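Please examine the sequence and the three-dimensional structure shown below.

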Amino acid sequence: MSTRYLPLFVYGTLKLGSRGFGSSLKAAVTEFAPAYLREASLYIGASYPMAIRSIGGTGIVGQILLVEQRLFEETLEELDEYEGYLGEGDPNNMYTRQIVRVEVFPDEDSTWEGPTQDVQAYVYMANADSFRDHRDELVLSPSGDWENHEEEWEELSPALEDTQDPNIDERFADDEDEDELDR
């Protein structure tokens, strides 16, 4: 993927005021506003989110950030490292950097001066393998908003304990344990 100069859509720990929004990112941002990504779903873990593309998904509430152009490459490299993005097509990526189209909703606190509809932006979406590896630690956020993650996690995470691997038939669980002992 080429690194065209584009804004960033952030939805979790990179949002303004969140723990991933460090001093170098803060110093680089020149414009920001609330934004929304359609056809995606937000999954939340105990301490981090993962977004996936999902037609008919809940959508994701986030922010659009415009980074000062002279700091863009350096900032993107730092964010790639933070998000576990090692490069296009790398099978070890935790997230992949993708270009999406978002809607921007400037409010009284916003500094956004750009367009508001169909704005292209980079976003870090969960790598498919990474999402599968972490799926049993995540719940779908009904609101699609990381701001609600603590309440949603508290309400929905107990269901994770009740889920079982659909490939394991509990009627034969004891037999599987015995087979392991015989090996």
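A residue is called buried if its relative accessible area is under 20%, exposed if it is over 50%, and partly exposed in between, with a 1.4 Å probe and protein chains only. The model is a predicted one, in which local features need pLDDT of at least 70 and side-chain atom pairs count only at pLDDT 80 or more, while totals for chains, interfaces and linings use all residues. Residues are numbered from 1 along each chain as its sequence is written, and side-chain values use heavy atoms, with hydrogens and water left out.

Of the 183 residues in the protein chain, 43% count as buried. Read from the N terminus, the order of elements is β-α-β-β-β-β-α-β-β-α-β-α-α-α.

Five of the five residues of β3 are buried. Ala 40, Leu 42 and Ile 44 point one way from the strand, whereas Ser 41 and Tyr 43 point the other way, and all are buried.

The neighbours of β3 come next. Strands of a sheet pair through backbone hydrogen bonds, in either a parallel or an antiparallel manner. Here two strands count as paired if DSSP finds at least two bridges between them. An open sheet of three strands has the order β4-β3-β8, with antiparallel pairing. β4 (49-53) and β8 (139-140) stand at the edges with a single partner strand each, so one side of each has no neighbour in the sheet. Between β3 and β4 there are five bridges in the antiparallel sense, and the two strands form a hairpin with four residues between them. Tyr 43 has bridge partners in both neighbours: Met 50 in β4 and Leu 140 in β8. Ile 44, for its part, has Val 139 as its bridge partner in β8.

Another antiparallel pairing involves β6 (residues 95-104) and β7, which are joined by eight bridges. Within this pairing, Thr 96 has Met 125 of β7 as its bridge partner. β7 is mostly covered, with seven of its eight residues buried.

A pair of aromatic rings is described by the distance of the centres and the angle of the planes. Rings of Phe, Tyr and Trp (its six-membered ring) pair if their centres lie within 6.5 Å; planes under 30 degrees apart are stacked, over 60 edge-to-face, and the rest tilted. By this rule there are four aromatic pairs. One of them joins Tyr 5 and Phe 72 edge-to-face, at 5.2 Å centre to centre and 85° between the planes. Tyr 5 lies in the segment before β1 and Phe 72 in helix α2 (residues 72-82), so this pair ties together parts that are 67 residues apart in sequence. Tyr 5 is partly exposed, at 32% relative accessible area, whereas Phe 72 is buried at 3%.

The rings of Tyr 43 and Phe 131 have centres 4.9 Å apart and planes at 70°, so this pair is edge-to-face. Because Tyr 43 lies in strand β3 and Phe 131 in helix α3 (residues 128-134), the pair ties together parts 88 residues apart in sequence. Both partners are buried, Tyr 43 with a relative accessible area of 12% and Phe 131 with 14%.

Ring pairs also link Tyr 5, Phe 72 and Tyr 122 into a cluster. Arg 97 lies over the face of Tyr 122, at 5.3 Å from the ring centre; such a charge is counted if NZ of Lys or CZ of Arg is within 6 Å of the ring centre and within 35 degrees of the ring normal.
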